[in-house]
Amino acid sequence: MEYCISKETALGYEDAIAKATEELKKEGFGVLTEIDIAATLKKKLNVDFRKYKILGACNPPFAHKALLAEPRIGTMLPCNVIVREREDGKTEVSAINPLSNMRMIGNPALDEIARQVTDKLQAVLSRI
């Protein structure tokens, strides 16, 4: 099972960020953080990098359930969604696959939560 789910989009980079944020909201996610990787690498290392942004998305009811089931699960939160400009100039949106990633923890109580969050993230990607 893949660690992330991805979709190429015909949208440009900025439009893909706006659409991803909008679709995440429809599924109950808020974007808590935005990390501009290109800007960070330029500032910290003085290197150029293509457009790449990490959106730290959180669905509070599911985060709460996960924290009750596994107190240290916060090390894997929020659900990261990336929007990146590929080398071929196309835009790709990817999201963590919670189902794949939560299985490595070995807590069966997380399985259903992870399945539901994965379904929501797949729905987001399907509409981008």
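Tutor: The residues lining the largest pocket comprise 10 nonpolar, five polar and one charged, where Ala, Val, Leu, Ile, Met, Phe, Trp, Tyr, Cys and Pro count as nonpolar, Asp, Glu, Lys and Arg as charged, and the others, Gly among them, as polar. The model is predicted: local features need pLDDT of at least 70, side-chain atom pairs count only at pLDDT 80 or more, and totals for chains, interfaces and linings use all residues. Residues are numbered from 1 along each chain as its sequence is written, and side-chain values use heavy atoms, with hydrogens and water left out.

Student: Which strand gives the most to the lining of the largest pocket?

Tutor: A pocket is an open set of points on a 1 Å grid over the protein atoms alone, with protein on both sides within 12 Å along at least five of seven lines, and lining residues have an atom within 4 Å of a point. This one is lined by 16 residues, with Tyr-3, Cys-4, Asn-80, Ile-82 and Ile-96 nearest its centre. Two or more lining residues come from each of the strands E1 (4-9), E3 (52-58), E4 (79-85) and E5 (91-96), strands being DSSP runs of at least two residues and helices of at least four, numbered from the N terminus. With four residues, the largest contribution is that of E5.

Student: How do the residues lining the largest cavity divide into nonpolar, polar and charged?

Tutor: A cavity is a set of points where a 1.4 Å probe fits but cannot get out. The largest cavity has 16 lining residues, among which Phe-62, Ala-63, Leu-77, Cys-79 and Val-117 lie nearest its centre. E3, H3, helix H4 (98-103) and H5 each supply two or more of the lining residues. The division is 15 nonpolar, one polar and no charged.

Student: Are helices H3 and H5 roughly parallel or roughly antiparallel to each other?

Tutor: The axes, which are lines fitted to C-alpha atoms over the stretch in contact, with angles from 0 to 180 degrees between N-to-C directions, come within 9 Å for H3 (residues 60-69) and H5 (residues 109-126) and cross at roughly 160 degrees. Contact, meaning heavy atoms within 4.5 Å, is made by Phe-62, Lys-65, Ala-66 and Ala-69 of H3 with Ala-109, Leu-110, Ile-113, Gln-116, Val-117 and Lys-120 of H5. Angles under 35 degrees count as roughly parallel, over 145 as roughly antiparallel, 65 to 115 as roughly perpendicular and the rest as oblique. H3 and H5 are therefore roughly antiparallel.
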